[in-house]
Amino acid sequence: MPPDAEVIDASGRWVLPGFIDAHTHLGVDEAAEGWAGQDTNERTDPVTAQVRALDAINPAETGFADALTGGVTSVGVNPGSANVIGGLCVAIHTHGRTVDKMVLRSPCGVKAALGENPKRVYGEQKKMPSTRLGTAAVLRQAFVDAQNYQAKRAGAGDRFEGRDLKLEALAAVLEREIPWRQHCHRADDIATAMRVADEFGYDLVIDHGTEGFLIADLIAERGVPVLIGPLLTSRSKVELRNRSLANPGRLAAAGVEISIITDHPVVPVHFLVHQATLAVKEGLDPEVALRALTINPAKVLGVADRVGSLEVGKLGDVVIWSGDPLDVMQRALQVLIAGVSVYRYE
């Protein structure tokens with residue numbers, strides 16, 4: 001420790017790594033901005049693997065300040081779920097003047113969607129896909145196109161011409177440089193996600209996984225992590241009929257590695273810890289709950305070497321809590337990102 005280091009007296013407090021929400025739309029779906037701040041979905045094509053959430057994030061959005069009050073120091077920002085393939089995700093810190101200075105990993109995955117959303121969006125446009133079978137066909141064809149692109153690129157070597165940003169993004173998934181972030185709620189859609197992943201051989205992450213508990217043993221067998229949430233929502237569509245605060249505990253009990261997510265702004269990002277608290281109330285082990293807010297999402301985002309736990313050599317994303325953060329009456333008193341104090345409760 002350098003001799004001029006600031007000493008913070010945290011006597012009687014809880015000191016934890018900063019919380020991580022691996023699935024948000026923070027900065028691309030701006031709070032209180034209406035259509036002007038809505039940049040989550042490029043709804044003009046069912047396959048937009050080339051678009052980057054990075055390019056639409058506004059770090060001045062009020063949600064970033066909210067995140068700090070809830071002890072959230074890192075987030076995954078994703079494109080939306082209107083398209084079969086929505087685009088490239090990015091992992092960022094929740095404090096900074098420009099997003100470039102906030103980036104932890106870019107890209108950190110490709111967002112895709114099964115289920116109601118793409119079939120509704122493109123069915124209304126009288127375009128494919130308008131069914132689940134059409135959605136799966138679009139997804140599989142995109143990967144076949146990417147495989148053909150890989151073969152052409154490999155065969156051409158230094159003479160390769162004609163870069164394609166869409167196919168490059170998909171090739172990065174096939175080469176396991178980044179994971180496939182599959183939006184799906186229903187158990188049958190989760191099964192489809194695993195079926196297609198088995199066919200093409202990439203690293204799969206289930207986002208939402210509302211009915212994952214129905215096939216939790218199959219998910220656990222494959223070692224597929226589930227980002228469970230948002231949990232504090234109404235059952236606003238058919239896919240959510242089995243939404244329950246008990247679902248995180250059911251998945252964890254079956255051996256599935258879970259992270260808890262808000263899908264901000266669906267649930268405000270600073271309510272992340274409250275979802276964990278209520279999941280504990282419904283059976284989730286408290287230690288597993290804390291891992292689901294810290295190291296587990298760090299692993300999904302590919303940044304566990306720098307954040308997600310308090311260890312020598314990591315960045316120093318630290319939150320001082322007034323007490324156990326799973327107690328709803330406690331609050332984040334001070335937040336440090338990379339060792340620098342960025343928030344203090346007054």
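Me: Across which strands does helix α6 lie, and at about what angle does α6 run to β7?
Reply: Keep in mind that this is a predicted model. Find helix α6 at residues 187-200 and strand β7 at 204-208. The helix lies across β6 and β7, and its direction relative to β7 is about 165°.

Me: Good start! In what order do the strands of the open sheet follow one another?
Reply: The sheet has 8 strands, and their pairing is mixed. At the edges sit β2 (19-24) and β9 (258-260), each of which pairs on one side only. From one strand to the next, the twist averages 25°. Reading across, the order is β2-β3-β4-β5-β6-β7-β8-β9.

Me: In which sense do β4 and β5 pair, parallel or antiparallel?
Reply: Look at residues 85-93 for β4 and 103-113 for β5. As a landmark, Ile92 stands opposite Val103 in β5. The two strands share 6 bridges, and the sense is antiparallel.

Me: And which residue in β6 stands opposite Lys111?
Reply: Here we look at the pairing of β5 with β6, which covers residues 180-184. These two strands pair in the parallel sense over 4 bridges. The residue opposite Lys111 is Arg181.

Me: What is the bridge partner of Leu227 in β9?
Reply: Strand β8 spans residues 226-228, and β8 pairs with β9 in the parallel sense. There are 3 bridges between β8 and β9. For Leu227, the partner in β9 is Ser259.

Me: Finally, which helix gives the largest share of the lining of the largest pocket?
Reply: This pocket holds about 510 Å³ of space. Its lining has 29 residues, with Ser81, Asn117, Lys237, Asp263 and Val266 nearest the centre. By class, the lining divides into 6 nonpolar, 16 polar and 7 charged residues. The largest share, 3 residues, comes from residues 116-124, helix α3.

Note on methods: Residues numbered from 1 in each chain as written. Predicted model: local features only at pLDDT ≥ 70, side-chain atom pairs only at ≥ 80, totals over all residues. Heavy atoms only, no water. 1 Å grid on protein atoms, 1.4 Å probe; cavity = no way out; pocket = protein on both sides within 12 Å on 5 of 7 lines; lining within 4 Å. Points joined across faces, edges and corners; volume = space filled by probe spheres on them. Nonpolar A, V, L, I, M, F, W, Y, C, P; charged D, E, K, R; others polar. Pairing = 2+ DSSP bridges. Axes fitted to C-alpha atoms, helices over the stretch in contact; angles between N-to-C directions. Contact = heavy atoms within 4.5 Å.
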